[in-house]
Amino acid sequence: MAAEIHPTPQTRTPILLSKIEASQDVVNTAVIIPKEDGVISVSEDRTVRVWLKRDGGQYWPSVYHTMPAPCSCMSFNPETRRLSVGMDTGEVSEFILSEDYNKMTPALSYQAHQGRVTVVLFVLEMEWVLSTGQDKSFTWHCSESGQQLGSYRTTSWVSGLQFDVETRHAFVGDHSGQVTILKLEQDSGSLVTTFKGHTGSVTALCWDPVQRVLFSGSSDHSIIMWDIGGGKGTAIELQGHNEKVQGLCYVPHTRQLISCSSDGGIIVWNMDVTRQETPEWLDSDSCQRCEQPFFWNFKQMWDSKRIGLRQHHCRKCGQAVCGKCSSKRSTIPLMGFEFEVRVCDSCHDSITDEDRAPTATFHDSKHSIVHVHFEPTRGWLLTSGPDKVIKLWDMTPVVS
Ligand SMILES: [Zn+2]
Ligand SMILES: [Zn+2]
């Protein structure tokens with residue numbers, strides 16, 4: 001007799017620490033300041049604000065700076081306290097924050113793009129500021145002189161950018177759904193390769209330089225883990241979100257991936273398990289289980305006087321099967337399917353309850369998310385949304 005499975009209620013969830021009513025408009029980027037009870041935010045309302053926690057437990061602005069245009073993105077380097085802000089006008093402005101985070105001093109400003117800056121990334125090791133814009137260009141500037149070092153035309157505007165310091169590779173995720181890998185030199189960039197796997201635009205990228213794994217999130221609701229270090233071209237799909245993925249953070253010491261979607265969903269994926277790639281879908285003119293013809297197979301339909309059926313595919317084995325032979329659904333966590341998908345009857349019988357054990361936990365932030373940031377030393381997560389609110393979460397109950 002099969003053992004009865006009682007799903008254990010999810011008791012370990014992120015703890016909401018603070019809610020900051022952060023601006024008059026969407027907070028496009030915000031970061032937690034490490035070792036400090038502070039947050040830096042940039043907003044569509046043109047403000048750059050530094051929030052510090054006061055005695056009453058509330059966050060109050062210690063810096064409130066109005067920029068000439070809406071602030072679209074930002075990069076903060078805690079070691080140098082350098083803040084790079086990208087604007088709607090294509091300009092990048094840099095500031096140095098004082099040690100006590102009560103003052104912000106302008107450093108450099110330059111016209112990096114002809115349109116809205118979509119991502120800005122400061123790389124301390126290279127003294128480079130990488131940026132992408134809606135003008136479909138990717139540029140890198142010297143952070144000391146503000147001089148442009150190089151640029152590269154992208155096929156579409158970019159929403160995800162990561163950089164590997166060791167090999168000087170830039171990962172550029174764009175609106176067309178592809179990820180371009182560029183090798184950057186001091187004054188030139190060359191195309192290495194392109195990854196195509198999403199059916200929607202790439203909305204977020206996250207690079208783990210230790211495992212050498214790239215994660216891409218998309219408006220098609222999926223995440224793909226591109227195993228570059230493995231050298232075998234493995235790409236694993238993670239299916240768990242019901243809306244577009246908006247942010248990804250990898251936690252190296254626990255080997256967990258945190259992903260957030262626009263419907264407020266937060267998923268913590270255990271990446272310490274070996275997942276399998278999803279199979280290629282097989283082509284057949286008849287069901288690969290019961291051999292009934294599919295509807296375009298007129299010859300067999302005529303010969304055997306049978307009705308043509310619609311083709312489906314089993315997500316586990318990839319076989320082309322009819323609806324009757326694939327009537328059951330199952331999660332397949334080890335293939336990245338955390339929600340139920342179509343499987344053929346024989347695969348359904350082969351999946352055990354143990355196989356169905358989830359490899360991710362699901363949480364609700366209760367606000368639509370446009371941006372996330374994870375601070376690993378305390379295990380805090382920041383989410384910001386179109387509701388103009390920043391939420392700070394203690395993730396240690398689920399990230400450990
Ligand atoms: Zn069939
Ligand atoms: Zn199957």
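**Entry 1: the sheet around Cys73**

I looked up cysteine 73 and found it opposite glycine 86 in strand E7. This is a predicted model, in which local features need pLDDT of at least 70 and side-chain atom pairs count only at pLDDT 80 or more, while totals for chains, interfaces and linings use all residues. In my notes residues are numbered from 1 along each chain as its sequence is written, and chains are lettered from A and ligands numbered from 1 in the order in which they are written.

I then followed E6 to its partner, strand E7 (residues 82-87), and found six bridges joining the two in an antiparallel run.

Is strand E8 (residues 91-97) mostly covered or mostly open? I noted that five of its seven residues are buried, and so I wrote it down as mostly covered. Here a residue is buried if 20 or more other C-beta atoms lie within 10 Å of its own, exposed if 12 or fewer, and partly exposed in between, with C-beta atoms placed from the backbone.

E8 is also joined to E9, by seven bridges in an antiparallel run, and isoleucine 96 stands opposite threonine 105 in E9. In the hairpin of E8 and E9, with six residues between the strands, I found that tyrosine 101 takes a positive phi near 60°.

**Entry 2: the sheet with E1**

I turned to another open sheet of four strands, with the order E1-E32-E31-E30 and antiparallel pairing. Its edges are strand E1 (15-21) and strand E30 (371-375), each with a single partner strand, so that one side of each is left without a neighbour in the sheet. Neighbouring strands here are turned by 20° against each other on average, direction ignored. Five bridges join E30 to strand E31 (residues 380-384), which run antiparallel, and histidine 371 stands opposite serine 384 in E31.

**Entry 3: the two domains**

The domain assignment gives domain 1 (15-274 + 358-394) and domain 2 (276-349), with bounds that come from an automatic or database assignment. I noted 40 Å between the C-alpha centres of the two domains. On the domain 1 side 11 residues are in contact with eight residues of domain 2, contact being C-beta atoms, placed from the backbone, within 7 Å. Strand E21 (residues 235-239) gives the largest share of that domain 1 side, five residues.

**Entry 4: Cys317 and the FYVE-type record**

From UniProt, in an unreviewed entry, I took the feature "domain: FYVE-type" at residues 281-352; such positions are given in the numbering used here, feature names are shortened, and annotations may be inferred rather than shown by experiment. Over this span I read 18% helix and 22% strand, with the end C-alpha atoms 23 Å apart.

Where does cysteine 317 lie? I found it in the loop between strand E25 (312-313) and strand E26 (320-321). Cysteine 317 counts as partly exposed because it has 16 C-beta neighbours inside 10 Å. Not counting residues up to four places away in sequence, cysteine 317 touches Pro279, Cys344 and Cys347. Cysteine 317 and threonine 278 are 39 residues apart in sequence, yet 8.2 Å apart in space, C-alpha to C-alpha.

Last, I looked at strand E27 (residues 328-332) and strand E28 (residues 337-343), which run antiparallel and are joined by four bridges. Lysine 328 stands opposite valine 343 in E28, and in the hairpin of E27 and E28, which has four residues between the strands, glycine 336 takes a positive phi near 90°.

Note on methods: Two strands pair if DSSP finds at least two bridges between them. Two residues are in contact if their C-beta atoms, placed from the backbone, lie within 7 Å. Axes are lines fitted to C-alpha atoms, for helices over the stretch in contact, and angles run from 0 to 180 degrees between N-to-C directions.
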